[in-house]
Amino acid sequence: MTGQVVPHEVQGSGSERCLLLHNWFGDRTSFGPMREHLNGDAFSYAFLDCRGYGEARDTAGAFTMEEIAGDALAVADHLGWETFSVVGHSMGAKAAQLMLLDAPSRVRSIIGISPVPASGFPLDEESWGLFAGAAENPGNRRAIIDNTTGGQRDDAWLDAMVSRSVERASPAAFRAYLDSWAREDFHERVKGNPAPVLLVAGAHDPALGPEAMESTWLRWYPNAELEVFPDAGHYAPGESPEALAVAVERFLARRKSD
C-alpha cells in the first residue's frame, strides 16, 4: 500500500505517538474541541486531512479507505514515526484497520470513535438514497447528523456541523468515500487480530452505538474494550471533547507501559 503525504498538523512532543483520521463529515479540524484537553508533553498527535477534505480538498484521488490508510502511513514515514497508535473517527476507523493489516508491526493500537466496522455499514434502499444524496444536498447531511446524534442537538449546532461539512469536503470525494466505507467488507481479515483496541460509542448514536460494537468489533478483536459516553451521539470529539481526551490518553498511557 503506497500513499502520499497529505496535509497534517502535529500537536505535542511526547514519546507516545498517535495519528488521527477524521470522519465522513469533517476534516482534521473536527477534532478541534478535544485538542485543548490533550497532554502534549506525554503524547504527540498528528491530525490528517484525507484527500478531498480541508487543506487536501482539491487533491485528486480514488477516495477509498485503502488510500486513506496508505496516505496515513506515508505521513508516519514523513514524520519518522516507526510505531504509533491510530485514532479513527467513524470512517477513519475503518481505514485504521487497513493500516493495521498492512503494517501490523507499526500500529501499536487502535482507538475507534463511533467506528465503522470492517464489514462496512448496511443501508437499505431508502437510507442509501439519503446518504448518497448528501454529497449534493445539505438537507440530507443535516438529517443524517440529527439522526446519529439521537435528536439531542439544537438547530444552531446542527447548522454549524452542516456548514463546516459543506465547506471542508469536496462533493466528489464525499460521495466516493461512501462506497468504500459503507460497502466494502474485509471483516474476515481482521477476525482474531490481537491488537489492543478501544471503542468509544455514544449512547445516543443509533447507527454505530454500543449494540453495533457488540455485534462487530468486539466479536472480531479479542483485545477490544468498549467505553460508552452517556451524553454523546456519533460525534464525541465535539459532543464530549474532554471526556474523549481523557479516555484516549488513559488508553494510550496503558500502551506506553506495555
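Contact here means heavy atoms within 4.5 Å. The model on screen is predicted.

**The sheet.** Start by selecting the strands of the open sheet. Seven of them are arranged in the order β1-β3-β2-β4-β5-β6-β7, and the pairing is mixed. Look next at the edges, where β1 (8-11) and β7 (224-229) each have a single partner strand, so one side of each has no neighbour in the sheet. Averaged over the sheet and ignoring direction, neighbouring strands are turned by 20° against each other.

**Strands β4 and β5.** Select residues 84-89 for β4 and residues 107-113 for β5; the two run parallel and are joined by six bridges. To see one of the pairs, pick His-89, whose bridge partner in β5 is Ile-113.

**Helices on the sheet.** Then select residues 65-79, helix α2, which lies across β1, β2 (16-21), β3 (43-48) and β4. Relative to β2, helix α2 runs at about 145°.

**Two helices together.** Finish with α4 (residues 125-133) and α7 (residues 171-183), whose axes come within 9 Å and cross at roughly 140°. That angle is why α4 counts as oblique to α7. Which residues of α4 meet α7? Show Trp-128, Phe-131 and Ala-132 on the α4 side; in α7 they meet Arg-175, Leu-178, Asp-179, Trp-181, Ala-182 and Arg-183.

Notes. Residues are numbered from 1 along each chain as its sequence is written. This is a predicted model: local features need pLDDT of at least 70, side-chain atom pairs count only at pLDDT 80 or more; totals for chains, interfaces and linings use all residues. Side-chain values use heavy atoms; hydrogens and water are left out. Axes are lines fitted to C-alpha atoms, for helices over the stretch in contact, and angles run from 0 to 180 degrees between N-to-C directions. Helices (H or I, at least four residues) and strands (E, at least two) are DSSP runs, numbered from the N terminus. Angles under 35 degrees count as roughly parallel, over 145 as roughly antiparallel, 65 to 115 as roughly perpendicular and the rest as oblique. Two strands pair if DSSP finds at least two bridges between them.
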